[in-house]
Structures are given as C-alpha cells and as structure tokens.
Amino acid sequence: MKTCKKILAVILAGAMALAMASCGSPKKTNATISIGVPFNYDSVDPHRDFQGWYTSIYGVTESLFRMGDNGTLEPCLAKSASLSDNVWTVKLCRNARFSNGNPVTSDMVARNLKRAGQENPQYAVFTQLRYDTSKKHTLRIITKDGIPTLKNTLSSPCLGIIDLDASKDPDKAIVGTGPFILKNFDPEGIVSVLRNENYWDGTVSLAGARFITEKQDAPKLFGMQNGYLDAVTNVTSDAYPSYQENADKYKAHSVEGSRLLFFYLNQKTLDKTVRTVINGYLDKKFVEKFSNGMLTATNGPFNENVSYGKVKAPRNLSAEECRELLKKDGYTAGEDGILEKDGKSLRLRVETYGMYNLDAFAKLMQKQLKQIGIACDIQTEKDPDSTYMKDGDFDIAFYSLIPDKENDPYEFLEKTMGPNGKRNVCGYGSKETNALLAQLRTEPRPEKRAKLARELVQKAIDSGCFGYIGLVNKVTVLRNGISGLSETSPYDFYCLTARTTLQ
C-alpha cells in the first residue's frame, strides 16, 4: 500500500501559472535552454502518425488554428473559417511565412491537407474533398455534407503546415512556420532547434533549445539538479515530490484535466458478466483519493462540465454482488481462491505501460479484483502502440489519450469506437453505434451533437467494453527564470513558443 501510494503521490494544489506579465513582444536574447521530454520518434514528418505533436512541441510547425488554454479554438496561420452551403472558406493570415521566407498560400495549405490524408489514415477525409485555391490567401474546401467539425480538425498539430517544395526529405528535415527551425534531429538522442529569424508572428526570445529524450525519472531529476536540464515536461508523481522539495530552484506548474486514463475490456475474450463486474467493482473514488489529487475520477471520457460530458456511471457493485453475478454465470471458487469455469481459471492478461502511472493503476486493479476471485497477470510494455494496442492481444488494456483536443467529441469517439477507428482495438461497435457516429459527424447543431455524444458514451459504458478512470494533470517543472513554455496549456502537444523566455 505504501509503495503504491508513493508511486501515485502527486499534488494538484499548485496554482496555475500566470501568463507572461508583459503583453508586448519579448526581447531577443542569446539564451538557449535544455528540455527533458519523455518520447522520441524516428521522423519529423508532421503528417505521419503523431509526429506532428512533437514538431509542434519543438516550435517548428503550426496549424491553421490552435487550442487556447481555456479549450477554445484560436486563430493561427488562418484568421477565420466559415461554413456555407457545404463549403468551408478559410481566410489565411496574409503575413504568414515559412522559415525560409516563402509565403503560406492557399495552394500550399491544400497540398498539405491532401498529403496528410494520404500519410495518416486518421485524416483520410482530406483526400476526398475538393479545394479551390484560386485566391492566394483564401482556401475554399468543398465537402459533400459540410463536416461541421472541420475547423476543429484544422487545429490538430498533425496538420502542421510545411513548405513541401523545400522539405525534400520530411522524415529528417522540414521547413515549417513556427518560431524555431530544426537544426539537428537525432531520433535516438538530442533534437536541437534555432530561432526562426523570419518568424511571421512576432519576436522570438530564445536563441535556441535542445530536447533531450529521457523516459526515466531519475536521469531527468539529476539533470535538473545539476543544471543539465532547464525544464521537464510530463512530470510523473514519482518524481514530483523531489521537485517540490526544491521550490527555491524549480517551479512546478500543474494544469487540470485534459488527459484521460482509461482501459479497454476485450469483448472477444471476456463475457459481459465479467466486464460488468470489473467496471462495477473498481472503486474510482478510492483511486482518486489514493492518488493524492493527481486524478479527478470521471464517469466518461470528457470533462463533466462540458455539454457532452455528463453520463451515468456503471452501477457500483459490492464484493458480494460481484460473486453472486459470477456464480450465476457458472463460476466457482478454485482451491487457490481464484474463480473457475469449465476448468479454466478466471486469470486475466492485463497490459499496461509506465507513462502517467498506468502501471501503478494496473497493480491497484489487480489488488482490488483479487478480493472477488479474479486474478490479473500484468505485462508492462515500453510502447503500447507497437504491442498490445496494435495486435489487440489482451483481456484488459490500459491507455491514455487527450479526448477533447479539438473542442468537440467526435474525433475521440470515432477513434475509439468507430469501425475504422485507429484506437478501436477490440472491434467495439454495432450498426446502431456506427449510425450514431455517422450522424454525429455531420450534425451541425451543438446541442444535438452533445446529445449524440452522450448517447454513444453511455452505450460504451453499458456494454462494459470501456472503463474510464479519470482526467489527470499536465505537470511541467521549470527552473527559476524560465516562463512561456506552454506551462498554462492543458495540451501535451504545445511546449516551446516565441514567448519562451529565460531571464
């Protein structure tokens, strides 16, 4: 118990960081900083997989729109987008430039969107649309059914706009529009960036930055203590107390709930009764309390304060109720106390990984389920996307996503429940849910969209195929004197900005 509590310990009470005091442009400096990040990828092509998250983190690429700290859409390379008669009209910022000085044109944007659709199945819709690029700074996107969420989608960092003519080998080098340009990309080591002297949206303060990939807590803490690192993103609860003890050197910034922790219950290997018992017995309020405030328990995938977030939780089940349900389903206790049916023990294969303390939550589930006669064998992987999330070989699988990164529920629901959803790893769905998703895709009325989303989530909960645990904080630790590192943003895909400053 004490060990798990230490692993999960994190404090939510840190005040949200104030924005930079000055509203004007920052001053240029000769300063460079080093940032510890948890992941590295083998490419900087923003249109492949989720690499766009990291080129956005590096400050190299930008999208047409961006997500504000309060979860609303804000202009970026585009200043507006409007829908009329199934045609989206996107007005580009006339002064937007790539780092090589070339202008951002409607033709280049259209080529980027089509390429993203070719490279990333999640954005395949962009290969099916028609584009009018006759005006240099106005892009018209012609759709069949309007796609009311298209503007939201255009904020995705995976749709970062690059100069395709100048980016001959986008896996290794790209020309973007962000405040920094790529100097060196080492998939196994350090990524370094330099100030974009041609940045279109104001002065860039820092001369450059280094991103150092380190998945373990201890080396990052050592780097901060010895001046090798100036900032650490995605801080875990295991490391947080050590930073807290050195408040004179570091400032930890905690932003509430944009990342969801959840698990899949494989309907191919687990019957409905077992799935119902697992979801009904897991004490999420205990998990919330046990995590010392790092987690806010949630019934569904979205914050319950948004219009599409409020749903009914699975019915809470006592240990006795769980045993009775399993008994009716044919399970009896074996000599070791583990339930059996047809000569087979109820022993589940649980897959997890180390980020966001998901491995600790898996152990907590293991302990709770053992009380009702269900055994769990936990396998911790380094990369879920190349293992169990790819082959679907599990009974229970823990995972984490940002469900509301586009200020709309469709993207997450389609991804995890849709017939072609990239994260629908259990084959969840039916004619009814597929029809609801199709309706949600084209429904323009916000109140109706919210109702459809709630209905879809409720069906997922009632099926017992998903277990939604809660929303966790994004924690960033900065050395004193550093600010503007997107520490007030709840989104993991923002980090280095023009306003990042070392005083």
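Modeller: Start with helix H3 (residues 106–119), which lies across S5, S6 and strand S7 (138–142). The model is predicted, so local features need pLDDT of at least 70 and side-chain atom pairs 80 or more, while totals for chains, interfaces and linings use all residues. Residues are numbered from 1 along each chain, and side-chain values use heavy atoms, without hydrogens or water.

Colleague: What makes H3 a helix, and how is it oriented to S6?

Modeller: A helix is a DSSP run of H or I with at least four residues, and a strand a run of E with at least two, numbered from the N terminus. H3 covers 106–119, so it qualifies. H3 runs at about 165 degrees to S6, where angles go from 0 to 180 degrees between N-to-C directions of axes fitted to C-alpha atoms, for helices over the stretch in contact (heavy atoms within 4.5 Å).

Colleague: How do you know that S4 pairs with strand S5 (residues 87–92)?

Modeller: Pairing takes at least two DSSP bridges. Six bridges join S4 to S5, so they count as paired, and they run antiparallel. Ser82 stands opposite Thr89 in S5.

Colleague: Why are strand S4 (78–84) and strand S6 (130–135) said to stand at the edges?

Modeller: The open sheet has four strands in the order S4-S5-S7-S6, with antiparallel pairing. S4 and S6 each have a single partner strand, so one side of each is left without a neighbour in the sheet. Neighbouring strands here are turned by 20 degrees against each other on average, direction ignored.
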